[in-house]
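Me: I'm new to this one. Can you walk me through it?
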Amino acid sequence: MCKKGCRSKPMRFPRISIFHFSLFILAFAFSLSQADVSAEASISATQVGVGEPFQVTVQVTSDEKTEGLPWPQVEGLDKFTVAKNTGTTHSTQTTIMNGKISNRTLFIVNFTYTLTAQKPGVFQVGPIRYAHKTYDRNLGSANITVVKQEAGLTSQPSLTKRSAYVGEQLLYNLRIIPSQGVQQINLPQDLQKLIGEKFWFQRLDKNVEAKTVKVNGQDTRVFDVRIVLFPLIAGTADLSGIPVEYQQVSRTQRRRTGSVFDMFDDQFFGGAGNVVQMTAMASPISMEVKQLPPEAPADFTGSVGEYSISANLDKTSLASGDALTMTVTIRGDGEPKTITKPRLPDLGQFEVFDPEVTTGSAVQGSTLITTKTFKYVIVPHRRGEYTLGPVAFSYFDPARKAYAEAKSQPLTISVTQGKEIAASPNRVMSQREIADIGSDIRHIKSGSAPLRSENDFLYKHPWFWLLFSPTPVAFAMLFMVRTRSRKLATDATLKRKTLAGAQLKRRLKEANESLKQRNSREFYKALSQAVVGFASDKLNVEFRGLTLEDAKAQLRKRGISAASVAEYEKVLNMCDFGQFGGGERDEKAWKESLDATDNLLRMLDREL
Amino acid sequence: MMAGKWLRIRAIRFAFLVLALASLSPAAVSQQALARATKAYQQANAAYEKNDYAKAADLYRRALDEGVADSRLYFNYANSLFRLNQPGMAILYYEKARKLDPNDQDIAYNLRFVNANIVDKSPAPETNALTKAITFAHSAFSINEGLWITLGLFSLIFLSAILALYAGAAARGALITAMVLAALALLAMTPSLAIKIREQETLQYGIVLKPAVEMFSGPGENFQVLTQVHEGTKFEIVETRGDWVSVKLANGKGGFVRLSDLGKV
């Protein structure tokens with residue numbers, strides 16, 4: 001606790017006292033006697049309050065440059081806190097003597113002592129002595145009367161707990177008790193630097209209002225600055241002192257001269273006291289921050305304190321495919337950022353969209369309460385009566401020193417038949433798909449028709465490809481037949497040659513018929529006609545009527561081999577013998593004749 | 001006599017050739033298996049009608065185990081799977097059914113319906129009227145139907161030609177017109193059929209059967225996870241490498257998924 005100001009600074013130009021003036025004259029006299037260096041001393045006040053700073057200044061004037069000038073020797077400074085600084089200026093003096101103009105540059109150094117008394121009393125400052133080279137002078141001394149401040153400010157910090165868990169809410173209260181003459185109390189803007197990284201904090205009150213409380217049995221006007229703290233790191237945590245700045249209006253006693261100008265010292269004219277910017281430093285506080293127990297629930301996100309959760313629906317009855325809003329509210333006194341999404345029950349029959357989250361905070365007494373609301377849009381897929389299990393939120397309860405779970409009451413929804421499945425707004429759907437939504441799948445295919453194996457693809461079966469062949473083959477054949485028949489119609493030779501086989505077949509049939517009737521003559525006649533007719537048709541030469549020799553000559557002429565010609569002669573002779581010479585009568589001989597004829601016709605067929 | 005022998009020899013050779021080609025045909029499902037599958041199928045239909053979808057699915061599964069591939073069986077099985085809240089499996093069997101019977105409107109409808117409610121969605125590409133018409137024509141018949149139509153058109157061309165050989169001048173004009181039209185239809189038909197056969201032989205599709213499946217950049221879990229695909233998502237199977245399958249999604253992105261996470265259409 002710091003009851004008095006720890007630092008101060010003058011707010012007004014120091015007034016010149018008579019003592020001050022006499023000291024100045026004395027010093028000036030000395031300065032005249034020394035051409036190179038002169039010194040004088042001055043003091044801003046001889047009566048000050050405790051903690052009120054005042055200045056003692058020694059001004060040294062020299063022809064030389066001021067580097068290396070020593071500080072004055074001032075006694076009696078041990079009763080004060082001292083701050084020293086220097087300042088340098090220079091001036092030029094111009095003199096005309098006997099018509100000659102000469103310039104002289106003077107360097108002036110001010111050695112300033114800012115003194116602050118820590119306790120009341122009368123203290124001597126001085127003697128003040130200045131020595132440099134040949135210059136050595138006593139500049140005098142002065143008695144300073146330090147009086148107790150009539151006004152001031154007391155700051156009393158307090159903490160609700162000196163031992164807390166990580167994340168647990170604590171209240172840091174800084175009670176400011178101002179005295180008379182205190183005005184414009186300010187806390188530093190950047191509290192985070194002072195509170196440090198070991199805490200997350202928030203001021204409870206935007207504006208600090210004065211209130212009157214009993215202090216030591218007396219009504220006292222106080223200001224309470226309330227800050228909630230959440231320790232972030234386990235271990236020893238130090239809250240450094242928080243400086244409270246204020247303005248102190250101090251009245252400095254001045255000897256009355258009885259002149260009319262004394263009236264300007266009256267407070268009415270603002271000249272009766274100094275306004276001093278003061279700072280009261282609150283004492284630091286140390287505390288112990290405990291680590292949370294291990295084995296936290298899986299969904300624990302660091303919330304420490306007392307929490308509650310509630311859930312409600314904007315409607316409890318709707319059609320499938322329609323949307324409803326489930327609002328889940330989590331409320332607690334832990335660090336606000338630690339409240340995350342709650343654990344939802346199994347909503348397998350629902351489509352659940354990401355929630356809209358809003359966060360709010362309120363002060364209840366001296367506690368910061370955070371409320372986080374999650375609004376889920378959910379769409380039931382199917383009709384039915386549903387009971388949604390509790391929505392849960394895990395936290396650590398420092399009062400019970402255990403993890404706990406806040407649960408909401410179960411919710412009941414009645415879903416009637418409607419759209420079976422709702423269209424999700426974040427999905428890309430075609431118009432056709434949208435049109436489909438709201439109906440069911442089509443029913444199974446029934447019927448007693450036996451199953452068949454439909455993956456037996458035709459192209460894997462060679463027989464299928466063979467089915468492509470009949471029509472082109474038929475076309476080709478018919479085309480050729482048609483072309484040939486047209487040709488035969490216009491070419492008699494070709495026609496005769498082409499029909500030779502058919503004629504032969506007919507004649508051999510006649511021979512077979514004769515053979516069945518055992519008519520030897522007719523049999524050999526038919527064979528003879530078949531051989532002669534075949535040769536005539538093939539060669540387009542009429543063999544009938546030709547002698548055998550002529551016929552053989554024609555055959556040779558047409559390139560028939562000698563063997564075939566000889567066979568031709570042999571068969572015809574055999575037929576003549578059979579017809580006209582009584583011939584063979586047994587079936588064996590007929591059969592041999594038939595084979596010989598067949599052999600001849602093959603030979604002729606090959607060669608013709 | 002000689003010609004008759006010759007013809008007999010040719011006929012015998014042709015018969016042997018046909019028998020040899022027939023022996024190369026794929027083995028067909030036996031009649032006994034078809035009968036057993038049909039019985040299970042009808043029992044499954046009865047169970048489905050009684051809303052006993054689990055029993056229906058089990059019986060449909062038995063019918064499928066007989067080796068029967070019938071679009072009705074696939075369709076009904078997919079319906080029962082959908083009722084049992086297995087959208088991935090349902091899509092798989094709707095796709096199998098559509099492959100066998102691309103013209104069936106019920107299959108197309110149910111497939112659209114289930115696809116509309118899966119997580120991963122591929123927006124249908126914008127098409128113009130011409131593309132739509134070509135797509136419609138292409139999907140208007142199955143492979144076997146296309147093959148029969150092709151055979152019919154081919155035969156019609158030559159039959160018309162045969163008739164034209166002997167027809168009078170007036171009829172010949174009509175026959176030639178029919179022949180030209182059939183030839184044009186055949187020309188239009190053949191590429192579509194060729195594409196279908198090629199797809200049947202070379203392209204294979206898969207359906208994600210698990211709620212969420214990670215797609216890796218390589219065939220192993222040590223590779224980078226590219227994305228996550230969800231149940232019911234269809235993709236093209238590029239190749240199979242052991243327990244991993246290289247796949248290509250409809251948006252062109254590819255990766256590897258576990259073979260056990262998908263079903264092949």
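Me: What is B:L147 in contact with, leaving aside its neighbours within four places in sequence?
Reply: A:L458, A:Y459, A:F464, A:W465, B:L193 and B:I197. Contact means heavy atoms within 4.5 Å. This is a predicted model: local features need pLDDT of at least 70, side-chain atom pairs count only at pLDDT 80 or more, and totals for chains, interfaces and linings use all residues. Residues are numbered from 1 along each chain as its sequence is written, chains are lettered from A and ligands numbered from 1 in the order written, and side-chain values use heavy atoms, leaving out hydrogens and water.

Me: Which residues have the most contacts inside the largest nonpolar core?
Reply: B:Y60, B:Y93, B:Y94 and B:L147, in a core of 53 residues. A nonpolar core is a set of buried Ala, Val, Leu, Ile, Met, Phe, Trp, Tyr and Cys residues joined through side-chain atoms within 4.5 Å. Buried means under 20% relative accessible area (1.4 Å probe, protein chains only).

Me: New topic. How do α8(A) and α11(A) cross?
Reply: At roughly 5 degrees, with axes that come within 11 Å. Helices are DSSP runs (H or I, at least four residues), numbered from the N terminus. Axes are lines fitted to C-alpha atoms, for helices over the stretch in contact, and angles run from 0 to 180 degrees between N-to-C directions. So α8(A) is roughly parallel to α11(A), a label for angles under 35 degrees.

Me: Which residues of α8(A) meet α11(A)?
Reply: Among them are A:F523, A:L527 and A:F534. A:F523 is also in a second, separate core of 31 residues.

Key. Buried < 20%, exposed > 50% of the residue type's maximum accessible area, 1.4 Å probe, protein only. Helix = DSSP H or I, 4+ residues; strand = E, 2+ residues; numbered from the N terminus. Parallel < 35°, antiparallel > 145°, perpendicular 65-115°, else oblique.
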